[in-house]
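Welcome, and please load the model in your viewer. We will go from stop to stop, with something to select at each one.

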Amino acid sequence: MLSVLIRPIGNTDSGDGSGAMREHLKGFDRVFDAEDMQILGAAFDSAWEAVRASGVRYPEDKVKLVRAILAKHIIAAAKDGERDHSRLRDGALLALAQSNQLRTS
């Protein structure tokens, strides 16, 4: 499993971050079936929990961007056919690690 050491601060969507995934999945109900949507949501929740459980703290203005990076990667991978929860989660965390968002200031 990929470990990313980041922890958000500020408004976190009641703590679970799934609002970001719902926001990004709007309109994709024609692309993904209900089972796919559940897998994508669970992968996002898992990735977000890894972010929350880590040590790096983000300023409030970056939290939404971090969640968007996770959600967009999961959606893109799913559009390419990926449905494995772990690979979706780990790929999203890797995408975040490779982004410039690892810097907290």
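**Stop one: the core**

The largest nonpolar core holds 22 residues, and those with the most contacts inside it are Leu40, Leu70 and Ile74. A nonpolar core here is a set of buried Ala, Val, Leu, Ile, Met, Phe, Trp, Tyr and Cys residues joined through side-chain atoms within 4.5 Å. Buried stands for under 20% relative accessible area, exposed for over 50%, and partly exposed for what lies in between (1.4 Å probe, protein chains only).

Before moving on, a word on the model. It is a predicted one, in which local features need pLDDT of at least 70 and side-chain atom pairs count only at pLDDT 80 or more, while totals for chains, interfaces and linings use all residues. Residues are numbered from 1 along each chain as its sequence is written, and side-chain values use heavy atoms, with hydrogens and water left out.

**Stop two: the whole chain**

Zoom out and switch to cartoon. The chain has 4 helices and 2 strands, running β-α-α-β-α-α from the N terminus on. Helices (H or I, at least four residues) and strands (E, at least two) are DSSP runs, numbered from the N terminus. Of the 105 residues in the chain, 43% are buried. Contacts (heavy atoms within 4.5 Å) can be sorted by sequence separation: among those in the chain with a separation of 6 or more, 79% join residues 24 or more positions apart.

Select leucine 70 and show its neighbours. Leaving aside residues up to four places away in sequence, leucine 70 touches Phe44, Ala47, Trp48, Val51, Ala92, Leu93 and Leu96.

Next, show H2 and H3 together. Their axes are 10 Å apart and the helices pack at an angle of about 145°; axes are lines fitted to C-alpha atoms, for helices over the stretch in contact, and angles run from 0 to 180 degrees between N-to-C directions. The crossing of H2 past H3 is right-handed, a term used when the near helix is turned clockwise from the far one by less than a right angle, with anticlockwise giving left-handed. To see the contact, select Leu40, Ala43, Phe44, Ala47, Trp48 and Val51 in H2, which meet Val63, Val66, Arg67, Leu70, Ala71, Ile74, Ile75 and Ala78 in H3. By class, this contact has 13 nonpolar, no polar and 1 charged residues. In this scheme Ala, Val, Leu, Ile, Met, Phe, Trp, Tyr, Cys and Pro count as nonpolar, Asp, Glu, Lys and Arg as charged, and the others, Gly among them, as polar.

**Stop four: the salt bridges**

How many salt bridges are there? The count is 3, taking a side-chain nitrogen of Lys or Arg within 4 Å of a carboxyl oxygen of Asp or Glu.

Select aspartate 36 and arginine 83, whose closest N and O atoms are 3.0 Å apart in a salt bridge. Aspartate 36 lies in helix H2 and arginine 83 in the loop between H3 and H4, so this pair ties together parts that are 47 residues apart in sequence. Aspartate 36 is buried at 13% relative accessibility, and arginine 83 is partly exposed at 28%.

Then go to arginine 87, which forms a salt bridge with glutamate 82 at 3.1 Å between the closest N and O atoms. Arginine 87 is exposed at 54%, and glutamate 82 is partly exposed at 21%. In the remaining pair, arginine 89 meets aspartate 90 (2.9 Å, N to O). Is arginine 89 buried or exposed? Arginine 89 is buried, at 11%.

**Last stop: two distances**

Select glycine 41, found in helix H2 and buried at 17% relative accessibility. Finally, pick lysine 79 in helix H3, exposed at 52%. Lysine 79 and phenylalanine 32 are 8.3 Å apart, C-alpha to C-alpha, and 47 residues apart in sequence.
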